[in-house]
Amino acid sequence: MSTVSQRIDALVACRETLEPWIGPFDAPALTGLLESQLGSALALDSWITRGDTRCRAFPLSPLLHVLSGNTPHAASQSVVRGLLVGGRNRIKLPSSGLLEFEEWIGGLAPILGDLIEVRHDLPESWLNSAGVVVFGNERTIETFRSRVPAGTRLIEHGPKLSIAVLFQPEPAAAELVTRDILAHEQRGCLSVQAVYVNGGPAAAKRFAERLAQSLEAARAAEPRKAIPRSDSGAISNARELARFRAANGDGLALWESAGDTSWTVVYDHEPTLAPGPLNGFIRVHPLPTATLLEDALGPEVRHLSTVAIHPYNNDNADFLAALDIPRICPFGRSQFPPLFWHHDGRPPLADLVHWRDRSP
Amino acid sequence: MEGSAAFPSFDAAACEVFRHQFEQNDAFRAYAMALGKTPANVELWQAIPAVPTDAFKLRRFPLTSFPREQAVKVFRTSGTTSEVRGEHGFLDLSLYEKSIIQGWRHANLPVPANPWFLSQSPANAPDSSLVHMFSVLQRHHAPETSASWMIDGDGKIDTSGLARETKPVALFATALALLRTIESGKSLPLPPGSWIFETGGYKGLAVELDPASFKALVSEAFSVPQKLLLNEYGMTELSSPFYAWSGDSYHSGSPWTRVRVINPETGTPVEPGQIGYLEIVDLANLDSVAAIRTQDLAIARDEHSFTPLGRDPGALPRGCSRRSDDLISAS
């Protein structure tokens, strides 16, 4: 049985691989994360005193991680958390695999590697785990709700999307939000799929044009890799429908890459938030008033994960309070959540332990 | 048809239809102009801009060459009550119905002298283009028979009349309705000499079947040789269907139609034998838009025929069969 300190040292040893996925960290940061979530980093190794009670945290073990194929980020965050608390981790990989992630797992030191079992299929016996972390679409989540035995702790990370809100147009804003849009080809929950611009339709349209220039420059500097035919088809469909509406005076404007689908900007005066076809496709809308915001954005609001704002300050963050968003960050940072973030609003380590008390 | 034969070439007929629609169909004209296409620079059918099927859902921009309120018939795409359904309006149905009858004849399909319809009736599904097509075929080919519709307004299937049939029948159905009937467990061998017309997909639902398994299942359940299964590829947004007998490797259309397969990444035609998005030019769509961009994947064989590969998995689920699937249940 390893100690927390040993596991932290082993994780820090593979920091170079992990940091692009979970952000910068060191041993004090991991210790601090445990303290913030469990009250003490020692609680997993020994009995600690809380008032008149001695208590100890035990990891949910085995802990099943059901991973999605979007990016290695969520997968690595989930598994690092599982390793940090020290239980056995069962990892169900997506059918498409997660090559970089699998390579990292394969190279882990025994102190961590011995805590991990990886499969591409899902044995029925794995459903009898102490806890289950599921990443996936609504159908996947629903499937696990029905299959996991009653009483098992089920931690759901369903479909999410992110947006950006520009309160004050500045030249640098387009370049910053371009990073939020293009990173990982918009496949992650933290990928920005729409930008809302304060100042009315004219300001939003001006920003859309500026954003189009920025996307074009970014693609020229780093061309997009080939994408599946279906992905091209989804972009092409969305473009043609936007072109049709724009041509008919429906308050749309379209900017697009020529000869391919590598980037697309659609200005849409209607504020309804809708998932886009990804791979460099972004919608720009005028920002509704605070009063109308929630209704104007529509039912997708409940799937919001992150909102990148510019300028980043408390007043602007408070403007969005009605949306009940788990995370607000500056432009350019949506894809880089810090180690301490509450993933989908949950306490990521506290969810992975149970407590035993010895009370007087 | 007679109209298209009056032109020296298909291109001439297609360009005339394009001119008509450009002049009379406001929503289409705006879209064509956004793409830089006008009667002045469109000389080949391949140059006619194809309208995406989703545009038929934007009811505030009706894709008709006449005032929307003058429509004598509006067919609607399938969909649940919460989904927006596409609309295809007609100023009159004569050309539409002629396309069905002459297309049937052109494809050299057998006369359905004793048709049975595993579908709702026109009274129960007045906005279904498929049901209307069934009705047209029945009135044309078997006017002396009373049509036998086997799905009621509540979606209940009743095949008891068909089970008593002794003469060869032509059974018209969606693929889903056939599967639902099979799932009900009732044996329904059809008299020798019968054949089956089936259309629509069934992917993405509870049933997981590849096309070969589907054909084998239907053939066995209805005691109809696989070679007598006729598949139709049609859409609410079109007026002319495409047909293939089981065993054929491609679907063929009528002389007044053309097909092209497009690479969605570039918008240009794919190389022969390559997969892409299917676009169809149907000159019988005279008062709506002749060129339609589907969300189906296909391989073009030539300008008249193609091998359909089903709905692009990246597209939203829709299709002729889904409406029936929402409704039907075996009695």
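Let's start with a sheet in chain A of this predicted model: seven strands line up in the order S10-S11-S12-S9-S8-S13-S14, the sheet is open, and the pairing is mixed. At its edges sit strand S10 (252-256) and strand S14 (327-330) of chain A, each of which pairs on one side only. If you ignore direction, neighbouring strands here are turned by 20° against each other on average.

Now zoom in on one pairing. Strand S8 (residues 161-166) and strand S13 (residues 304-310) of chain A are joined in the parallel sense, with five bridges between them. Which residue of S13(A) is the bridge partner of Val165(A)? That would be Ile309(A).

Helix H9 (residues 200-221) of chain A touches S8, strand S9 (192-197), S10, strand S11 (264-268) and strand S12 (281-286) of chain A, and its direction makes about 160° with that of S12(A). Helix H10 (residues 229-247) of chain A touches S10, S11 and S12 of chain A, and its direction makes about 140° with that of S10(A).

**A second sheet in chain A**

Chain A also has an open sheet of three strands, ordered S1-S2-S15, and here the pairing is antiparallel.

Take strand S2 (residues 53-59) of chain A: it pairs with S15(A) in the antiparallel sense over six bridges. Within that pairing, Cys55(A) has Asp357(A) in S15(A) as its bridge partner. As a bit of background, strands of a sheet pair through backbone hydrogen bonds, either parallel or antiparallel.

| Strand pair | Sense | Bridges |
|---|---|---|
| S8(A) and S13(A) | parallel | five bridges |
| S2(A) and S15(A) | antiparallel | six bridges |
| S6(B) and S7(B) | parallel | five bridges |

**Chain A as a whole**

Stepping back, chain A holds twelve helices and 15 strands. Its radius of gyration is 22 Å, close to the 21 Å that the globule rule gives for 360 residues, so chain A is as compact as a globular protein of that length. Along the principal axes, the C-alpha atoms of chain A fill a box of roughly 70 × 45 × 40 Å. Of the 360 residues of chain A, 43% count as buried. Looking at contacts in chain A with a separation of 6 or more, 71% are between residues 24 or more positions apart.

Chain A is divided into domain 1 (4-159 + 344-358) and domain 2 (161-325). How far apart do the C-alpha centres of these two domains of chain A lie? They lie 33 Å apart. Six residues from domain 1 of chain A and six residues from domain 2 of chain A take part in the contact. On the domain 1 side, the residues divide into two nonpolar, three polar and one charged.

**Where chain B meets chain A**

On to the partner chain: 23 residues of chain B are in contact with 19 residues of chain A. On the chain B side, helix H3 (26-34), strand S1 (51-52), strand S12 (275-282) and strand S13 (291-300) each supply at least two residues. The largest share, five residues, comes from H3(B). Sorted by class, this side of chain B has 15 nonpolar, four polar and four charged residues.

**A look inside chain B**

Is strand S7 (residues 195-199) of chain B enclosed or open? Five of its five residues are buried, so S7(B) is largely enclosed by the rest of the structure. Trp195(B), Phe197(B) and Thr199(B) point one way from S7(B), while Ile196(B) and Glu198(B) point the other way. Strand S6 (residues 170-174) of chain B runs parallel to S7(B), and Ala173(B) has Glu198(B) as its bridge partner there.

Gln138(B) has 22 other C-beta atoms within 10 Å, and it takes 20 or more to be buried, so Gln138(B) counts as buried. Leaving aside neighbours within four places in sequence, Gln138(B) is in contact with Pro115(B) and Ala147(B). Gln138(B) and Ser148(B) are ten residues apart in sequence, and their C-alpha atoms are 9.6 Å apart in space.

Conventions. Residues are numbered from 1 along each chain as its sequence is written. Chains are lettered from A and ligands numbered from 1 in the order in which they are written. This is a predicted model: local features need pLDDT of at least 70, side-chain atom pairs count only at pLDDT 80 or more; totals for chains, interfaces and linings use all residues. Helices (H or I, at least four residues) and strands (E, at least two) are DSSP runs, numbered from the N terminus. The radius of gyration is taken over C-alpha atoms; the globule rule is 2.2 Å times the number of residues to the power 0.38. A residue is buried if 20 or more other C-beta atoms lie within 10 Å of its own, exposed if 12 or fewer, and partly exposed in between; C-beta atoms are placed from the backbone. Two residues are in contact if their C-beta atoms, placed from the backbone, lie within 7 Å. Two strands pair if DSSP finds at least two bridges between them. Domain bounds come from an automatic or database domain assignment. Ala, Val, Leu, Ile, Met, Phe, Trp, Tyr, Cys and Pro count as nonpolar, Asp, Glu, Lys and Arg as charged, and the others, Gly among them, as polar. Axes are lines fitted to C-alpha atoms, for helices over the stretch in contact, and angles run from 0 to 180 degrees between N-to-C directions.
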